[in-house]
Amino acid sequence: MKVSNELLEKYNVQVPRYTSYPPANHFNDTFSGDDYTSLITASNLSDPNHIGFYIHIPFCKQICFYCGCNFIVMVNDDAVKKYIDAVKEEIRLTIKDIDKSRKVTQIHYGGGTPNAINSVFLKELNQLLFDNFEFIDNPEIAIECNPALLTWEYMDQLFDAGFNRFSFGIQDFDPDILRNVNRLPSALPVDELIQYVKKHDPKMSVNLDFIYGLPQQDAESFGETIKKAIAMRPDRIVTFSYAHVPWMKTHQRILEKKGLPNAEEKMEMFLTAYKLMKDGGYIPIGLDHYALPEDELAVALNDHKLHRNFQGYCTKRTTGQVYGFGVSSIGQLTEGYAQNTKDQFKYISQINKGILPVEKGYKVKAHEIIIREVINELMCNKYINWDKLGESLNISADKIKQTVGYNAEVLESFKADDLLNYDENEIHITELGTVFIRNIVAAFDPALKQSEKQYSKSL
């Protein structure tokens, strides 16, 4: 696959990442905890019926300069305990309104750095959910880990806490590149870490996460990192494009002084990694994931049953409405979204008063649900059949097209650039089109044309 400079110049523009629709920067601060409670009650009667939980652990040992997440530099164990106690209480406040006959498909811990805290806290949070809900067979209990903080003993404790999927944030195998962005390398040999998980239970899943577009990286160096990852054979490999948003995360300005790769250099890194992973037997999933052929994500893609949420790609088997806990976490329900306050002190204070700590949110309108389904199908499965989607939404294909502003001239332009093929009833995104998939789905977002909000560039 080759990408011309002409296409880069044409499509490297600001567009949403579309991890939700509408995107999170459309949430409004008039949305209250009572509004969220109404959404929770309504979610019991909505599809999907299954439940997902997201728990945000904001604590970090140090700041990685590329980070775009909500984090808190750890002060002491007492602060952590107060926070975890508040999360437990938020869980209790929330789940009293969730129908207990519904089953849980997924628990996901993100951060921050979830493994920066004592594993006892993680086990207690999991147990609270295990005690209150039934789970599907083989649910996904996932945790994002900074491997710089891992020990064999801590891994054993995570196994004991019930985790069965591990995302190790490697970012790059080059210690000089890591040092430049204030990130420590893995404390344990990464290949041995993967083997340790598989030895405990071959059914457990491991993915390695990497970032391209950092200072000092180039196609050759990033290619060497990816070669090492492929040789270790994790179930999944993820290559995130560094999102430079200094207007939101001011510490990222440090990287500007160190020199960031331009769009052409980033594209060369992406294409190098893409080819290496395809040649190495990995299946491209969506925009930035790669999975072994037998992995559940690869099987789901083949069957057009791939899905995604704020936590990443998942299968429709493990898809659920997501209830978020902790600072800045987002509840991602069928009929709307609710985001907690980012201030840990305000969060704890409100929880202690029995108030859901919602800072902002959004009630999704009927036409936006239609747009969301179109965007999700294209982002996940690179394919859409208008009649089949109409059947699932119980409306006509023509109504869907009208709602998303279907424009054959725009599709012809994408087709001319070899980004997709289409006819009256279907769209198939090409291999090249996957690189520019955010641009393609943006063409089905009528609200984007009227928006003045800022987004990271597509590449």
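Where does P22 lie? P22 sits in the loop between α1 and α2 (33–43). A cis peptide bond joins Y21 and P22, with omega about -10°.

## Model and conventions

This is a predicted model: local features need pLDDT of at least 70, side-chain atom pairs count only at pLDDT 80 or more, and totals for chains, interfaces and linings use all residues. Residues are numbered from 1 along each chain as its sequence is written, and side-chain values use heavy atoms, with hydrogens and water left out.

## Overall fold

The chain holds 18 helices and 19 strands. Helices (H or I, at least four residues) and strands (E, at least two) are DSSP runs, numbered from the N terminus.

The C-alpha trace spans about 60 × 50 × 40 Å along its principal axes. For 459 residues, a compact globule would have a radius of gyration near 23 Å; the chain has 21 Å, which agrees. That radius is taken over C-alpha atoms, and the globule rule is 2.2 Å times the number of residues to the power 0.38. Of the 459 residues, 58% count as buried. Buried means under 20% relative accessible area, exposed over 50%, and partly exposed in between (1.4 Å probe, protein chains only).

## Salt bridges

Side chains of opposite charge can pair when their charged atoms come close. A salt bridge here is a side-chain nitrogen of Lys or Arg within 4 Å of a carboxyl oxygen of Asp or Glu. The count comes to 17 salt bridges. One of them links K275 and D279, with the closest N and O atoms 2.7 Å apart. K275 and D279 are four residues apart in helix α10, so about one helical turn separates them. K275 and D279 are exposed.

R317 and E296 also form a salt bridge (2.5 Å, N to O). R317 lies in the loop between β12 (312–315) and β13 (321–325), and E296 in helix α11 (residues 296–302), so the pair ties together parts that are 21 residues apart in sequence. R317 is partly exposed at 34% relative accessibility. E296 is partly exposed at 31%. The loop between β12 and β13 also holds K316, which pairs with E377 of helix α13 (residues 366–381), so parts that are 61 residues apart in sequence are tied together. E377 is buried at 14%, whereas K316 is partly exposed at 40%.

## Negative surface patch

E6, E9, D218, E220, E264, E265 and E268 form a negative surface patch. Two elements give two or more residues to the patch: α1 (5–11) and α10 (263–279). Helix α10 gives the most, with three residues. E265 lies in α10 and is partly exposed, with a relative accessible area of 40%.

Patch residues have over 30% relative accessible area and no salt bridge; like charges are joined within 9 Å, nonpolar side chains (Val, Leu, Ile, Met, Phe, Trp, Tyr) within 5 Å.

## Backbone exceptions

Most residues other than glycine have a negative phi, and most peptide bonds are trans. The bond from D47 to P48 is cis, with omega near -5°. P48 is in the loop between α2 and β1 (51–57).

S328 has a positive phi of about 65° and is not a glycine. S328 is in the loop between β13 and β14 (330–333) and is buried at 10% relative accessibility. N394 has a positive phi near 60°. N394 lies between α14 (386–393) and α15 (397–404), in their loop, and is exposed at 69%.

Note on methods:
Accessible areas come from the Shrake-Rupley method with a 1.4 Å probe; for residues, only the protein chains shown count as cover. Lys and Arg count as positive and Asp and Glu as negative; His and the chain ends are not counted. The place of a charge is taken as NZ of Lys, CZ of Arg, CG of Asp or CD of Glu.
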